[in-house]
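Trainee: Please walk me through one part of this model slowly. I would like a close look at a single sheet, and then a view of its surroundings.

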Amino acid sequence: MKYLSTRGQCAAVGIDTALAAGLAPDGGLYVPESLPQLSAADFAGLVNLPEIAARLLQPFFVDSALQPELPTLCKEAFDFPAPLRELDAQTALLELFHGPTAAFKDFAARFLAACLARLRAADAPVTTVLVATSGDTGAAVAAAFHRRPGFRVVVLYPDGRVSPRQAHQLGCFGDNALALRVAGSFDDCQALVKRALNDLDLRQRCALTSANSISLGRWLPQMGYYAASALAHQRVHREPLDFIVPTGNLGNALAAVLAKACGMPIGDIVLASNANRVLPEFFANGQYTPRASIATLANAMDVGSPSNFERLRWLYPDFKDLPAWLHADAVDDDAIRATIRATWAARGIAVCPHTATALCVAERLRAQGNTHPMAIVATAHPAKFEQIVEPLIDSALDVPAALAALLARPAHATPIAADFNELVRVLHTAQD
């Protein structure tokens, strides 16, 4: 299995090279040159997430030094549950927030960290993992690489545009993890990271790599929980399972698309966006118009120029190629508030603003007569957004033990302008 750039301007590489690089030399995103075709029969006897993830990823790691270690890698990374919590006979929440930072990004961040640690030569220079975050990615990556020998993490986040508890998580690790609060938007942070990764001289001096969803090592393992939940559903109900996925930068949703394209028993996939409507507008009229992001209650999805759109274009080069089973819809803040209130009132379940976007879209589909079995992807624990959720439900939220431990640590973030030269200065200073 070789990996190509979405921009087609550089040679194909093996997965070990692609994992270490993060971004392709031409600025594109790595994608597999072909997609393996699997069926439910290939997973016979496999029931838990690590086993299913290892089997699903095996064809993507052919000829990799990591292939013999895939079962161990998956056990190490996916050592917390991803349960389907039934809401009614046809609807469930896929809870992906039971990891150390209470967000779905823990799965892939831990997998990537485990891979890069094994690929790193003992005498290699310290690798700087540079990551932009709209709220959850940075903490997951910092946790995954925290105190790992040979690695340094530098996290950029938009100052004032993440929740207070997210901001605390981003700055609470210390040691080999540095948090930078950027005077700008997530798109500004993302642009700085991409520019740094495309600067050959800087990469050589600082040994840079990425852990954003642009990284192949973040994208591929996210297929695992979609495959596991879809297989579990099919074994009982003998039918595919639809997924409603909150999305901003498009990485998690495209992992579901990739899993379906590889043969997993997945039905429709619906992208649930917040008021940053770039993706729903594209699905409506074929016009992709990136723009400055706007701040919403679902801040981790505040993205106006989704990086993984390049991978969507790779899968479906023309608007007319988009499959009928792939859809997108947008939800504004008022609808998010109403959904959080209604879900608590009707079910006694608190959801974060991102999960609420998917629940709102699911309710719209039900109102239109859709009776498919659906899994709403719950991407973060509501306690990370207590200032939004608690007033809406008029109740205090329990804080998971792992999150409480992080919140008890002191936190610090360094302010910087959305300026590339300033980022370079910080990277050089951090290296010394």
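Mentor: Happy to. Let's take the open sheet of 5 strands, whose order is β8-β5-β6-β7-β13 and whose pairing is parallel. Before we go on, please note that this is a predicted model, in which local features need pLDDT of at least 70 and side-chain atom pairs count only at pLDDT 80 or more, while totals for chains, interfaces and linings use all residues. Residues are numbered from 1 along each chain as its sequence is written, and side-chain values use heavy atoms, with hydrogens and water left out.

Strands here are DSSP runs of E, at least two residues long, and helices are runs of H or I, at least four, both numbered from the N terminus. Two strands pair if DSSP finds at least two bridges between them. At the edges of the sheet lie β8 (208-210) and β13 (414-417), each of which pairs on one side only. From one strand to the next, the twist averages 30 degrees, with axes fitted as lines to C-alpha atoms and angles running from 0 to 180 degrees between N-to-C directions. Within the sheet, β6 (residues 151-158) is joined to β7 (residues 177-183) by 6 bridges in the parallel sense. One of the residues to look at is Val 153, whose bridge partner in β7 is Ala 177.

Now for the surroundings. The protein chain holds 18 helices and 13 strands. Its radius of gyration is 20 Å, close to the 22 Å of the globule rule for 432 residues, so the chain is as compact as a globular protein of that length; the radius is taken over C-alpha atoms, and the rule is 2.2 Å times the number of residues to the power 0.38. Along the principal axes, the C-alpha atoms fill a box of roughly 60 × 45 × 40 Å. Of the 432 residues, 59% are buried, meaning under 20% relative accessible area with a 1.4 Å probe, counting protein chains only.

Last, the cysteines. A search of the whole structure finds 0 disulfides, a disulfide being a pair of cysteine sulfur atoms within 2.5 Å. For Cys 352, the nearest cysteine sulfur is that of Cys 360, 14 Å away. Cys 352 counts as buried because its relative accessibility is 0%, and Cys 360 counts as buried because its value is 8%.

Methods
Buried means under 20% relative accessible area, exposed over 50%, partly exposed in between (1.4 Å probe, protein chains only).
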